[in-house]
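Hi,

Here is the structure I promised to send over. Have a look at it first, and my notes on the cores, the cavities and one of the helices follow below.

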Amino acid sequence: MTRDWDLIIFDCDGVLIDSEVLSAEVLIDLLAAEGIEIDIDHVRRNFLGRSFPTVARHIREELGHALDPAFESLYRARLLERFETDLKPMAGIAAALERLAGKGVPVCVATSSSPPRVARSLDIVGLATALPHVFTASQVARGKPAPDLFLFAAQEMGAAPERALVFEDSLPGLEAAAAAGMAAVRYTGGSHLATATLRHDPAVPLLAHWDDLPSLLDRLRAGAPA
C-alpha cells in the first residue's frame, strides 16, 4: 500500500459504522407513530447520506407531513439508545485505519451526522482515537451533495482537493466528492446496501470490504482518474 494521497476522507454512517439500517428502522417506527408510512427502500432512495433537516424537508414537501419541532430530538435520542446496544464497526475498518496510520496517511471524517451523534458513534465502536479529526454538515452552509463539507475538511486538514480521496456509500456523498474535485470510492459493505440496486457512475471504484483497501489504494493514484 503506497502513500499517494495527502488526505483520505471517510463518511461515517454506512462507511465506518454499520448504522444505516438501524437509523432507518428507528425513523420508520417513529414516523409510523405519526401516521407516516415509508419503507427501507424509500429511506435508501431519499435519505441516505443526507442531513436531518433535508430529511425533514422531504417529509414535509414530498409526503405532506410537517414534523413536530420535538421530533428531531426524539429521533436522535432513540437512535443513540439503539446504537448503545446494536451499533457495530464495519468489518476490517480498525485494521485499515491502523495500516494507514503506519504509512503516515492523514485521515479525517466528513459526515452529515450531528456532532454529538458522530462523536458517540465513533466512541461506541472504538474508533474515536484513530479518527480525531471529524467535520460535520453543521460547520458548512450546504450539506451533501454540495461540495462544501469536503472542501472544508480538506482546507482544515491542509490538503488540496485533487489530492484527497473520499470513501462514501451514498449517491449524495459521491456527488459531493465529484463537485469538490476529489476522487471517490463507493464503499458497499454496509448491511443497508446488501440488497440494493446500486446506481452510480460506473467509473467510480467499489470497495466491498476494508481488508481489500491496500490493494485498492495501490491501483489508485492521486491526481489520476479513479
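The largest nonpolar core has 51 residues, and Ile8, Phe10, Leu16, Phe167 and Trp210 have the most contacts inside it. By nonpolar core I mean a set of buried Ala, Val, Leu, Ile, Met, Phe, Trp, Tyr and Cys residues joined through side-chain atoms within 4.5 Å, where buried is under 20% relative accessible area with a 1.4 Å probe, protein chains only. Helix α1 gives the most to this core, with 7 residues. (Helices are DSSP runs of H or I of at least four residues, strands are runs of E of at least two, and both are numbered from the N terminus.) Leaving aside neighbours within four places in sequence, Phe10 is in contact (heavy atoms within 4.5 Å) with residues including Val15, Leu97, Val109, Leu131 and Trp210. A second, separate core has 20 residues, among them Phe135, Phe150, Ala177 and Met182.

Before you go further, please note that this is a predicted model: local features need pLDDT of at least 70 and side-chain atom pairs count only at pLDDT 80 or more, while totals for chains, interfaces and linings use all residues. Residues are numbered from 1 along each chain as its sequence is written, and side-chain values use heavy atoms, with hydrogens and water left out.

Now the cavities. A cavity here is a set of points on a 1 Å grid over the protein atoms alone where a 1.4 Å probe fits but cannot get out, and lining residues have an atom within 4 Å of a point. Points are joined across faces, edges and corners, and a volume is the space filled by probe spheres set on them. There are 2 cavities of 30 Å³ or more. The largest holds about 310 Å³; of the 21 residues that line it, Glu20, Phe47, Arg50, Tyr75 and Arg117 are the closest to its centre. The largest share of that lining, 4 residues, comes from α1. The second largest cavity has a volume of about 50 Å³ and is lined by Glu20, Ala24, Ile40, Val43, Arg44, Leu48 and His192. Its largest share, 3 residues, comes from α2.

Finally, have a look at α8 (residues 171-179), where Pro172, Gly173, Leu174, Ala176 and Ala177 are buried. The cover over the buried residues of α8 includes α7 (148-157), β4 (164-168) and β5 (183-187). At the N-terminal end, α8 is capped by Ser170, with a side-chain oxygen 3.1 Å from the backbone nitrogen of Gly173. After α8 comes Gly181, with a positive phi near 75 degrees.

Best wishes

How values were computed
Buried means under 20% relative accessible area, exposed over 50%, partly exposed in between (1.4 Å probe, protein chains only). A polar contact is a pair of N or O atoms within 3.5 Å; within protein, one must be able to donate a hydrogen and the other to accept it, and residues adjacent in sequence count only if both atoms are side-chain atoms. On a 1 Å grid over the protein atoms alone, a cavity is a set of points where a 1.4 Å probe fits but cannot get out, and a pocket is an open set with protein on both sides within 12 Å along at least five of seven lines; lining residues have an atom within 4 Å of a point.
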